[in-house]
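Hi,

Here is the model we talked about. Please open it alongside the notes below.

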Amino acid sequence: MAGRIAGAPRPGSRVSARPLLYLDVDGVLNPENPRDPGRFAEHAVGRLTVRVSDEHAEWLVRLRGTYDLVWATTWEGYANEYIAPLLGLPELPYVDFSGYRARPDDPKCPPLLIPQMRKWAPILRHADGRRFAWVDDVMPMRVRRQAFLHRGMLLVKVRPGDGLRWRHVDRLLRWGVSRS
C-alpha cells in the first residue's frame with residue numbers, strides 16, 4: 001500500500017511537533033560488559049543485576065528536550081517500575097511486544113529471523129506515522145534495509161557490551177532537531 005510500511009502510516013507522514021525515541025534497556029541502558037565498569041552502578045532487580053550510569057540519566061534528560069521517550073524493551077511496563085527510577089525518569093509509555101499479534105501486512109522476514117525482528121512491526125504500528133528514532137542492540141540488517149528509504153526514522157544500533165555512548169546521543173540530538 002502506497003505511503004505505508006507494515007500496514008502502518010509511513011514514519012514522518014503524520015505531522016507531529018516532536019519525534020518519538022524508542023529505547024531498549026538491555027544492551028543499551030544496561031550494557032552487558034562495559035569497558036568502563038566504574039561508570040555504572042549495579043542494582044539488584046530480583047535475580048538480575050542491572051547496570052545504570054549517571055551519564056545515561058543526564059543524556060536522557062537532554063533527549064527528552066527533543067523527543068517523546070518510549071520504552072521499546074522486553075521489560076515493557078516493568079521498565080517504569082525498575083529502570084525509570086534508577087535513571088530519574090518519569091513513567092513512560094511502552095510498546096507492548098508480548099501482547100502483539102502478527103498481522104498479514106507485517107514486514108516479511110525469513111522464519112529464522114522472527115525472534116530478532118519481533119520489535120519491528122509493533123514499533124512501526126506504535127509510531128503510527130510519527131517521526132521516530134529507535135536505539136537497540138539487536139537490529140538486524142533486514143530491518144535497517146527496510147528502513148533505509150524512509151526519511152522519517154533513524155535507527156541507531158549500539159554494541160551490547162558498550163551500551164549507549166555520547167556519539168549515539170549526539171547523532172540523535174542532531175537528527176531530532178534537523179527534522180523539526
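The buried residues of α5 are covered by, among others, β3 (20–23), α1 (54–64), β7 (132–136) and β8 (153–157). Keep in mind that this is a predicted model.

Which residues of α5 are buried? They are His 168, Val 169, Leu 172, Leu 173, Trp 175 and Gly 176.

Now the whole chain. There are 5 helices and 8 strands. From the N terminus the order is β-β-β-β-β-α-β-α-α-β-α-β-α.

The chain has 180 residues, and 49% of them count as buried. Take the contacts with a separation of 6 or more: 63% of them join residues 24 or more positions apart. The accessible surface is about 9500 Å². Carbon and sulfur atoms hold 52% of that surface.

Last, confidence. The mean pLDDT of the chain is 86, and 83% of the residues score at least 70. Among the elements, strand β6 (residues 68–71) has the highest mean, 98. Strand β1 (residues 4–5) has the lowest, 64.

Best wishes

Conventions:
Residues are numbered from 1 along each chain as its sequence is written. This is a predicted model: local features need pLDDT of at least 70, side-chain atom pairs count only at pLDDT 80 or more; totals for chains, interfaces and linings use all residues. Side-chain values use heavy atoms; hydrogens and water are left out. Buried means under 20% relative accessible area, exposed over 50%, partly exposed in between (1.4 Å probe, protein chains only). Helices (H or I, at least four residues) and strands (E, at least two) are DSSP runs, numbered from the N terminus. Contact means heavy atoms within 4.5 Å. Accessible areas come from the Shrake-Rupley method with a 1.4 Å probe; for residues, only the protein chains shown count as cover. pLDDT is the predictor's confidence in each residue, from 0 to 100.
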